[in-house]
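Please keep the sequence and the coordinates at hand.

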Amino acid sequence: MLCGLWRSRHRRPEEPPVPAQVAAPVALPSPPAPQDGGTKRPGLRALKKMGLTEDEDVRAMLQGSTLCKIRSRTWHKERFYRLQEDGLSVWFQRRIRRAPSQHIFFVQHIEAVREGHQSEGLRRFGGAFAPARCLTIAFKGRRKNLDLAAPTAEEAQRWVRGLAKLRARLDAMNQRERLDHWIHSYLHRADSNQDSKMSFKEIKSLLLMVNVDMNDMYAYRLFKECDRSNNERLEGPEIEEFLRRLLKRPELEEIFHRYSGEDRVLSAPELLEFLEDQGEDGATLARAQQLIHTYELNETAKQHELMTLDGFMMYLLSPEGAALDPAHACVFQDMNQPLAHYFISSSHNTYLTDSQIGGPSSTEAYVRAFAQGCRCVELDCWEGPGGEPVIYHGHTLTSKILFRDVVQAVRDHAFTLSPYPVILSLENHCGLEQQATMARHLRSILGDMLVTQVLDSQNPEELPSPEQLKGRVLVKGKKLPAARSDEGRILSDREEEEEEEDDEEEAGAAEQRRRAKQISPELSALAVYCGATRLRTLRPAPPPPPPGQVSSLSERKAKKLIREAGNSFVRHNVHQLTRVYPLGLRMNSANYSPQEMWNSGCQLVALNFQTPGYEMDLNAGRFLINGQCGYVLKPACLRQPDTTFDPECPGPPRTTLTIQVLTAQQLPKLNAEKPNSIVDPLVRIEIHGVTSDCARKETNYVLNNGFNPRWGQTLQFQLRAPELALVRFVVEDYDTTSPNDFVGQFTLPLNSLKQGYRHIHLLSKDGASLSPATLFVHICIQGS
């Protein structure tokens with residue numbers, strides 16, 4: 001594949017490959033000049049740009065409310081909550097003082113706002129408050145829900161409506177608007193006396209807040225160049241001029257001028273040439289004209305089909321200028337193939353919110369898993385009091401939740417993000433009576449959602465497709481009659497793990513084991529397409545296994561099969577679902593790398609969703625595409641019945657990936673409590689794929705600059721199985737004496753990576769957006 005930008009005819013032979021700084025300033029879209037000649041209350045200015053300053057609900061949130069925070073039946077505390085003037089964060093008052101940054105939460109970190117008693121906490125502890133007065137703020141990542149009760153139903157509604165408007169406006173913002181909003185929020189914080197004027201001391205404070213350690217002499221020179229009134233204060237247009245200079249992107253200017261020539265604007269044919277050099281599919285003159293009309297800010301330029309530098313920056317910062325192919329962001333794959341032909345996002349010990357030894361169990365963990373695109377969740381079922389089965393991690397101190405409450409959470413939340421089928425993986429330790437109760441709850445609560453019989457009676461052995469199973473719930477569990485173990489029964493996942501590891505049974509476990517030998521006909525009947533079975537060995541040329549069975553393997557056994565069976569294991573996974581789960585020895589709910597299992601075609605690679613780390617980054621990256629629906633079609637080499645693919649012997653290199661790491665923008669400050677703490681960023685690029693493709697390379701670090709660091713370093717990788725590879729971009733804060741600190745990352749499949757100049761929009765450890773933090777890179781993919 002061609003890498004046109006490296007040989008652009010606009011570049012003279014002596015020009016360096018790294019974009020050089022140029023003198024011409026980058027102009028941010030200028031705001032209208034204030035009527036009074038000054039910028040009044042920069043925070044409210046940010047809200048005004050969002051178009052929400054006159055909204056009654058938002059105005060009420062700016063005034064603040066005293067809300068009751070609910071944690072338990074006895075822990076009900078009044079707290080004062082108020083929307084900050086940046087419109088991005090909510091401040092709240094605690095009784096115990098903490099550092100200021102701990103007193104806020106950010107709107108962009110909110111996953112959902114629910115009205116009434118729609119959380120586990122409010123259902124259990126909110127009975128003293130009318131549902132109309134209650135709301136729940138659910139956050140992304142591991143942060144606990146915020147369950148609140150307002151003094152009146154109308155006040156609760158104001159917060160529900162107001163947060164919805166703020167979230168909608170934030171989602172609708174383009175990257176340049178987010179950047180402008182972000183910098184003005186810091187400007188508001190740096191204006192210590194709130195006089196809408198900035199002294200040099202306040203400007204220095206602003207620079208530290210945004211993660212740049214600028215030389216005092218250079219900073220003061222920049223300050224004085226903008227101080228047109230010569231009164232040692234910046235105000236109004238002077239502040240905007242300072243910000244424009246601060247936010248310069250010399251590397252983008254260099255690219256723009258390379259194509260625009262002397263007139264400093266891009267005509268549609270010149271933009272088309274840039275698109276062709278980028279390797280854009282469907283690059284036509286009409287496409288170039290469409291981009292001008294979409295992203296150009298200047299109406300006069302737009303009318304003449306010209307793109308200014310501002311419009312060019314808008315385009316490169318948009319989703320169309322990002323590394324992820326926008327065509328892959330929606331459901332674009334064939335969803336009519338058998339379930340076994342897809343990777344399926346899967347969770348292990350879904351009910352846990354922490355470790356598997358003493359952590360709490362919660363229905364909210366299922367809600368969060370579904371919000372992350374999970375399509376296979378685990379229910380660890382044990383005998384409970386009063387004839388009601390419970391879910392918890394057996395023989396540990398983890399708390400217990402009712403089986404029926406989990407099934408209700410599945411009914412209410414399973415299809416909020418994705419319409420494609422959900423698999424309930426039952427780990428059953430109940431006796432016959434409570435198994436029948438489980439079956440009754442599944443049927444009565446899920447109703448028509450539950451698959452209770454084969455869809456195609458003419459071909460009952462064939463696995464249906466995700467498309468056929470839209471909105472449906474499948475049960476994975478032991479089935480009668482079925483192939484039995486030597487003891488005359490089917491072993492559950494946990495029992496297999498116990499056999500492999502020879503774990504000693506604790507008191508009471510023998511009785512539970514005896515009960516698990518019995519399989520309720522009512523529950524067995526619900527395992528229509530996912531009957532649990534054991535996979536002991538694989539012959540070199542095995543007959544196709546019955547497709548309606550699911551093998552469950554610990555990570556240890558799966559790795560053994562990958563090593564010893566190779567292609568036979570791949571062929572097995574063409575026809576039958578295989579679930580892989582972490583070893584029970586991972587007491588802190590740590591994860592294993594899912595990539596090795598995907599390489600062999602395992603569909604249900606279950607991870608602890610409650611544990612952040614690179615393993616969950618890989619999972620999020622694998623399922624980032626195809627509309628984040630939780631189903632990704634496996635490569636052709638993992639779907640063909642007669643495939644010869646062996647992940648241990650993938651063949652010679654056939655793809656070269658070259659990435660030039662150019663710059664980063666607005667990296668987050670890791671220690672907000674230490675104003676002088678500035679990151680020393682480096683970038684590492686990791687390839688996760690078949691063993692021979694796995695690699696990691698990194699840049700040098702840049703000292704004391706998290707605002708606009710520059711590298712200009714090229715990293716290259718040779719790939720043997722590019723269709724399986726994930727590319728992970730990682731930014732770390734370099735430390736000479738201890739391990740580097742994580743700053744942000746972004747992971748995506750190589751086949752969804754676009755070529756050319758691209759922005760990488762970074763995510764936090766919990767997967768939340770770090771907007772406006774980005775990497776700017778050039779990507780070239782060449783096939784042999």
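Is Arg 245 buried, exposed or partly exposed? At 27% relative accessibility, Arg 245 counts as partly exposed; buried means under 20% relative accessible area, exposed over 50%, and partly exposed in between, with a 1.4 Å probe and protein chains only. The model is a predicted one, in which local features need pLDDT of at least 70 and side-chain atom pairs count only at pLDDT 80 or more, while totals for chains, interfaces and linings use all residues. Residues are numbered from 1 along each chain as its sequence is written, and side-chain values use heavy atoms, with hydrogens and water left out.

Arg 245 forms a salt bridge with Glu 225, at 2.4 Å from N to O. A salt bridge here is a side-chain nitrogen of Lys or Arg within 4 Å of a carboxyl oxygen of Asp or Glu. This pair links distant parts of the chain, with Arg 245 in helix H8 (residues 237–246) and Glu 225 in helix H7, 20 residues apart. Helices (H or I, at least four residues) and strands (E, at least two) are DSSP runs, numbered from the N terminus. Glu 225 also meets Arg 221 in a salt bridge, at 4.0 Å from N to O. Those two lie 4 residues apart in helix H7 (residues 216–226), so about one helical turn separates them. Glu 225 is partly exposed at 35%, and Arg 221 is partly exposed at 49%. The whole structure has 32 salt bridges. Elsewhere, a network of them links Asp 55, Asp 57, Glu 154, Arg 158, Arg 161 and Lys 165.

Turn now to the strands. In E18 (residues 473–477), 5 of the 5 residues are buried, so the strand is largely enclosed by the rest of the structure. Val 473, Val 475 and Gly 477 point one way from E18, and Leu 474 and Lys 476 the other way. E18 pairs in the parallel sense with strand E17 (residues 422–428) over 4 bridges, where pairing requires at least two DSSP bridges between the strands. Ile 423 stands opposite Leu 474. E18 also pairs in the parallel sense with strand E19 (residues 530–533), over 2 bridges, and Lys 476 has Cys 530 as its bridge partner there.

Val 475 is also among the contacts of Leu 442 (heavy atoms within 4.5 Å), which include Phe 403, Leu 424 and Leu 523. Leu 442 and Leu 424 are among the residues with the most contacts inside the largest nonpolar core, which has 93 residues. Such a core is a set of buried Ala, Val, Leu, Ile, Met, Phe, Trp, Tyr and Cys residues joined through side-chain atoms within 4.5 Å. Its largest share, 6 residues, comes from strand E31 (residues 769–783).

Note on methods. Lists of a residue's contacts leave out its neighbours within four places in sequence.
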